[in-house]
Amino acid sequence: MLVFRLARVTGYRLTRALAALELRTNEFAVLHYLHEAGPLSQQELGGALGINPSNLVGLLDALEADGLIVRPRDPRDRRRHLVGLTPSGQTRLVQAKRAVAQAEQELLAPLDGTERDQLHGFLKRLAGHSCTPEGGQRGQC
């Protein structure tokens, strides 16, 4: 139960930190993934983040209306749209990363540097196991 309690409070802190920037957690996930992966088709983005295509369209519509992403046609395949960050999206992502880092610092305040490193290592190992075909669903982490 401890893991569930920590997941809940972590989610709450993350949601609160992002809300101050008028972002939701799934919007942050999209901006973060696009920053890491570069422009992607909507199908690739949805698959990578485990977002249902019908939910992804509404999410991308909101991000586009806020000027954080663009969805031009793919010049190699005019049937697809590529999703990419705008300069405003990059700026908002930087702000969101700072807010998330601050929320993480508050959550981890009781741990010293060595303990934080150990926790990070444990979490990375658990995520690696859980995000493999043997331990869970690849692409869902």
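## Handedness first

A crossing of two helices is called right-handed if the near helix is turned clockwise from the far one by less than a right angle, and left-handed if the turn is anticlockwise. Keep that in mind for α1, which passes α5 in a right-handed crossing. One caveat before going on: what you're looking at is a predicted model.

## The overall layout

Read from the N terminus, the order of elements is α-α-β-α-α-β-β-β-α-α.

## α1 against α5

Two packed helices are described by the angle between their axes and the distance between the axes. For α1 and α5, the axes come within 9 Å and cross at roughly 145°. On the α1 side, the contact uses V9, T10, R13, L14, R16, A17 and L18, while α5 brings A96, A99, V100, A103, E106 and L107. Sorted by type, the residues of this contact come out as nine nonpolar, one polar and three charged.

## α2 against α3

How do the axes of α2 and α3 sit, in angle and distance? They pack at about 115°, with the axes 11 Å apart. That angle makes α2 roughly perpendicular to α3, because 65 to 115 degrees is the range that counts as roughly perpendicular. The crossing of α2 and α3 is right-handed.

Which residues meet here? From α2 there are A29, V30, Y33 and L34, and they meet L45, A48 and L49 of α3. The contact of α2 with α3 has seven nonpolar residues, with no polar and no charged ones.

## The largest pocket

If you're thinking about where a probe might go, the largest pocket holds about 1500 Å³ of space. Its lining is made up of 33 residues, and T10, L14, E104, L107 and L123 are the ones nearest the pocket centre. The elements giving two or more residues to the lining are α1 (2-19), α2 (25-37), α3 (42-49), α5 (87-107) and α6 (113-130). The largest share, seven residues, comes from α1.

Terms used. Residues numbered from 1 in each chain as written. Predicted model: local features only at pLDDT ≥ 70, side-chain atom pairs only at ≥ 80, totals over all residues. Heavy atoms only, no water. 1 Å grid on protein atoms, 1.4 Å probe; cavity = no way out; pocket = protein on both sides within 12 Å on 5 of 7 lines; lining within 4 Å. Points joined across faces, edges and corners; volume = space filled by probe spheres on them. Helix = DSSP H or I, 4+ residues; strand = E, 2+ residues; numbered from the N terminus. Axes fitted to C-alpha atoms, helices over the stretch in contact; angles between N-to-C directions. Parallel < 35°, antiparallel > 145°, perpendicular 65-115°, else oblique. Contact = heavy atoms within 4.5 Å. Nonpolar A, V, L, I, M, F, W, Y, C, P; charged D, E, K, R; others polar.
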